[in-house]
Amino acid sequence: MKIGRWLIAGVVVAVVIWKADDIIGTDKQQSAAPPAATETASASASPSGSAGGTDTNEATESAEPSATSSPDADTPSSSDNAEPTGTAKPTPTPETSDDPSSSASEEPGESSDSDSLDALLKLNAPDKTIEVGKNGVAVVTNSESILVLVNKKRELSSTYAPDDLVKPDVEFSFSGDSPKQKMRKTAASALEKLFAGAKKDGITLKAVSGYRSYATQKSIFTRNADLKGEEVANRTSARPGQSEHQTGLAMDVSSASANYELEQKFGDTKEGKWLAAHCAEYGFIIRFLKGEEDVTGYSYEPWHVRYVGKEAAKQIMKQGVTLEAYLEAAANGATKA
């Protein structure tokens with residue numbers, strides 16, 4: 001009987017212990033859950049909690065906080081992440097840069113001629129474009145330039161001849177072919193436009209004499225010197241090497257009203273007046289001005305036009321100065337439009 005009671009008592013004790021363990025285990029599980037929930041709640045409620053949160057939550061939460069922590073985080077982080085390439089799209093940039101670039105290419109275009117002229121003037125400064133030989137003759141070193149300055153103090157080489165001479169499509173005062181019908185290509189094209197402009201205004205001009213070689217000029221001067229004397233001849237006729245005609249950039253022009261003669265009376269004709277008023281529009285100047293004989297070395301020649309390019313021509317004619325004075329002023333930085 002005693003043994004049976006002990007067995008029953010043992011079973012009862014075992015059951016009691018098992019129940020107690022079960023109850024205790026459940027309590028442990030329930031008591032462990034609230035702290036975890038509390039940490040999660042505190043992490044989501046407090047930024048400081050996310051910064052110093054658990055390692056398990058830091059990796060997951062750091063994606064959004066990193067977006068909102070950027071300096072540009074005025075907008076929600078969701079919008080930043082929704083189109084991450086949106087802020088890097090190049091589309092807005094070309095659209096805003098198209099207009100400035102187009103205007104930039106146009107505005108310099110308007111001043112590019114002036115800029116080019118300034119550079120050209122520096123390259124053609126009188127004191128930088130001459131070389132004195134052993135014979136004491138000052139020879140120009142920029143024969144090919146449209147701003148070459150040739151006069152009694154600055155000569156062209158006896159061997160110089162332009163390599164781009166052409167015959168302009170204009171009317172001449174004589175028939176047949178002659179070398180003096182030619183000009184350098186750029187000047188010839190400009191002369192064609194000048195004659196066309198004159199015709200449009202009811203003015204009829206004819207070309208008389210353009211290019212002359214060194215040898216031709218020598219022959220002309222010798223003949224004039226024999227007829228008038230060397231000193232008198234040199235007022236209206238250049239010595240060889242000292243003539244602008246050798247450059248291929250000059251043309252003598254006249255009209256029927258002046259009997260196609262190269263006389264000062266041409267300046268008083270309607271054709272001569274038109275030429276003086278409009279030649280600069282086509283890149284030409286009246287090379288030998290009235291009252292500037294001491295500067296140019298030659299008498300007034302209203303018929304002699306010289307190509308220098310539109311920008312320079314407009315400035316020279318507007319200022320009413322000689323090519324000598326203009327180039328000298330430019331070299332001193334005093335040239336104004």
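Helices (H or I, at least four residues) and strands (E, at least two) are DSSP runs, numbered from the N terminus. The model here is predicted, so local features need pLDDT of at least 70, side-chain atom pairs count only at pLDDT 80 or more, and totals for chains, interfaces and linings use all residues. Residues are numbered from 1 along each chain as its sequence is written, and side-chain values use heavy atoms, with hydrogens and water left out.

Now for the largest pocket. A pocket is an open set of points on a 1 Å grid over the protein atoms alone, where a 1.4 Å probe fits, with protein on both sides within 12 Å along at least five of seven lines; lining residues have an atom within 4 Å of a point. The lining takes in 32 residues, and Arg212, Ile220, Thr236, Asp252 and Leu262 lie nearest the centre. Helix α8 (214-228) hands over the largest share, 7 residues, while β5 (206-209) and β8 each supply at least two.

Strand β8 turns up again among the rings. Phenylalanine 284 and tyrosine 307 have ring centres 5.4 Å apart and planes at 65 degrees, so they pair edge-to-face. This pair links distant parts of the chain, 23 residues apart: phenylalanine 284 belongs to β7 (residues 284-288) and tyrosine 307 to β8 (residues 301-307).

Conventions
Phe/Tyr/Trp six-rings, centres within 6.5 Å; stacked < 30°, edge-to-face > 60°.
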